[in-house]
Amino acid sequence: MTQAERHLFPVCGHRAHLPDELAAQALTFAAPGAAEPDDVQDQLRCTLQAHVTGAHSSFVMELDGRTSGAVWTHWARGGVPEALVVKQDCPVSGPEPACEPCCEYVDHPGAHTWELDYSWRNTPLVTAPKLRELLV
Ligand SMILES: [Zn+2]
Ligand SMILES: [Zn+2]
């Protein structure tokens, strides 16, 4: 089955800016010296499947180590990110043969990332390494 034959769901794509104090706080989740300010994603876009209820969600920073997970933030509609949370990666991967890993966090709402249409990828946005790979 090719990508074109699959039904893809629209991605939310709601934008937010990570407040400077949270960007600084994100670095404290990494081992000393393991992360730099450039590793922190501060231009946020909700990467969940388009949704009408619930908070928006964005990846903020990868943590070293395969089981370390990543730093995420959530924000309410009309609100701004107010806290960071470390979440493990979603363990589900896509169908064979590609078996694409999902780039969301464990127990995220909506579809997995390989089921989403990231058509906003052509708009200028600095993305975190993990999502950058997905959007190439
Ligand atoms: Zn959203
Ligand atoms: Zn997933």
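Colleague: Which strand does helix 1 run at about 35° to?
Modeller: Keep in mind that this is a predicted model. Helix 1, residues 20–27, lies across strand 4, strand 5 and strand 6. The strand that helix 1 runs at about 35° to is strand 6.

Colleague: And in what order do the strands of that open sheet come?
Modeller: The open sheet has three strands, and their pairing is antiparallel. Strand 4 (56–62) and strand 6 are the edges, as each pairs on one side only. On average, neighbouring strands here are turned by 35° against each other, direction ignored. The order is 4-5-6.

Colleague: Is strand 4 largely enclosed or largely open?
Modeller: A residue is buried if 20 or more other C-beta atoms lie within 10 Å of its own. In strand 4, seven of the seven residues are buried. That is why strand 4 counts as largely enclosed.

Colleague: What does A70 touch, leaving aside its neighbours within four places in sequence?
Modeller: A70 is one of the residues of that core. Leaving those sequence neighbours aside, the residues in contact with A70 are F59, M61, E62, L63, K87 and D89.

Colleague: Is V85 buried, partly exposed or exposed?
Modeller: V85 sits in strand 6, residues 84–87. From C-alpha to C-alpha, V85 is 9.1 Å from A26, although 59 residues separate them in sequence. V85 has 14 other C-beta atoms within 10 Å, so the class is partly exposed.

Colleague: Where is the cis peptide bond that has omega near 5°?
Modeller: Look in the loop between strand 6 and strand 7 (116–117), where P97 lies. The bond that is cis, with omega near 5°, runs from E96 to P97.

Colleague: What is phi of C99 near?
Modeller: C99 lies in the loop between strand 6 and strand 7. With 9 C-beta neighbours inside 10 Å, C99 counts as exposed. Its phi is positive, in a residue other than glycine, and is near 50°.

Colleague: Is D107 buried or exposed?
Modeller: D107 is also found in the loop between strand 6 and strand 7. Phi of D107 is near 65°, a positive value in a residue other than glycine. With 9 other C-beta atoms within 10 Å, D107 is exposed.

Colleague: Zooming out, what pattern does the protein chain follow along the sequence?
Modeller: The chain has two helices and seven strands. Read along the sequence, the pattern is β-β-α-β-β-β-β-β-α.

Colleague: What percentage of the residues count as buried?
Modeller: Of contacts between residues at least 6 apart in sequence, 51% join residues at least 24 apart. As for burial, the protein chain has 136 residues, and the share that counts as buried is 24%.

Methods: Residues are numbered from 1 along each chain as its sequence is written. Chains are lettered from A and ligands numbered from 1 in the order in which they are written. This is a predicted model: local features need pLDDT of at least 70, side-chain atom pairs count only at pLDDT 80 or more; totals for chains, interfaces and linings use all residues. Helices (H or I, at least four residues) and strands (E, at least two) are DSSP runs, numbered from the N terminus. A residue is buried if 20 or more other C-beta atoms lie within 10 Å of its own, exposed if 12 or fewer, and partly exposed in between; C-beta atoms are placed from the backbone. Two strands pair if DSSP finds at least two bridges between them. Axes are lines fitted to C-alpha atoms, for helices over the stretch in contact, and angles run from 0 to 180 degrees between N-to-C directions. Two residues are in contact if their C-beta atoms, placed from the backbone, lie within 7 Å. A nonpolar core is a set of buried Ala, Val, Leu, Ile, Met, Phe, Trp, Tyr and Cys residues joined through C-beta atoms within 7 Å.
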